[in-house]
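I opened this entry to keep track of what I looked up in the structure. I start with the whole chain and then move to the strands and the core.

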Amino acid sequence: MEPVVITVAPVGGELSRDEQPHLPLSPEEIGVEVARAAGAGASIVHVHARDERGVPTQDRAAFEAILGAIRERCDIVVQTSTGGSVGMTEEERAQPLDLDPEMASLT
């Protein structure tokens with residue numbers, strides 16, 4: 001069998017719990033879902049972060065909490081989003097890069 005790389009993105013960039021009631025939003029919820037995906041064969045996780053209200057954010061601290069929750073549960077390549085939102089500066093979008101993820105998206 002040819003090797004396959006599976007990437008999981010448990011939190012969409014703009015998705016809400018109104019649209020998907022089981023959407024993991026907290027670092028703990030995201031960590032659990034990523035560990036489940038890793039156990040099922042995923043080797044990369046694409047990470048979007050949310051603030052305490054569930055609103056998309058590029059805040060370094062939010063990503064740090066999520067990465068900590070993931071790394072305490074499994075060994076998976078972490079790819080952080082730099083997508084941000086319309087109107088965000090490059091500096092705002094790049095905050096997760098301070099955490100030295102193995103990969104990052106670029107939009």
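**Whole chain**

I checked burial first: 36% of the 107 residues in the protein chain are buried. The model is a predicted one. I then looked up the radius of gyration, which is 13 Å; this agrees with a compact globule, because 107 residues would give a value near 13 Å. The C-alpha trace spans about 45 × 30 × 25 Å along its principal axes. For the accessible surface I noted about 6,400 Å², with 52% of it belonging to carbon and sulfur atoms. Among contacts with a separation of 6 or more, 63% join residues 24 or more positions apart.

**Elements and pairing**

I listed three helices and six strands. Their order from the N terminus is β-α-β-β-β-α-β-α-β.

Which strand pairs with E2 over four bridges? I found E5 (residues 77-80) alongside E2 (residues 44-47), in the parallel sense. Ile 44 stands opposite Val 77 there. E5 also pairs in the parallel sense with E6 (residues 103-104), over two bridges. In that pairing I noted Thr 80 opposite Ala 104.

**Core**

I looked up the largest nonpolar core, which has 19 residues. Those touching the most other members include Val 34, Val 47, Ile 66 and Val 78. H1 (27-39), E2 and H2 (60-71) each supply at least two residues of this core. H2 gives the largest share, five residues.

Last, I followed Val 47. Leaving out residues up to four places away in sequence, Val 47 touches Phe 63, Ile 66, Ile 70, Val 78, Gln 79, Thr 80 and Ser 81.

Notes
Residues numbered from 1 in each chain as written. Predicted model: local features only at pLDDT ≥ 70, side-chain atom pairs only at ≥ 80, totals over all residues. Heavy atoms only, no water. Pairing = 2+ DSSP bridges. Core = buried A, V, L, I, M, F, W, Y, C linked by side-chain atoms within 4.5 Å. Buried < 20%, exposed > 50% of the residue type's maximum accessible area, 1.4 Å probe, protein only. Contact = heavy atoms within 4.5 Å. Rg over C-alpha atoms; globule rule 2.2 N^0.38 Å. Areas by Shrake-Rupley, 256 points an atom, 1.4 Å probe, with all protein chains shown as cover.
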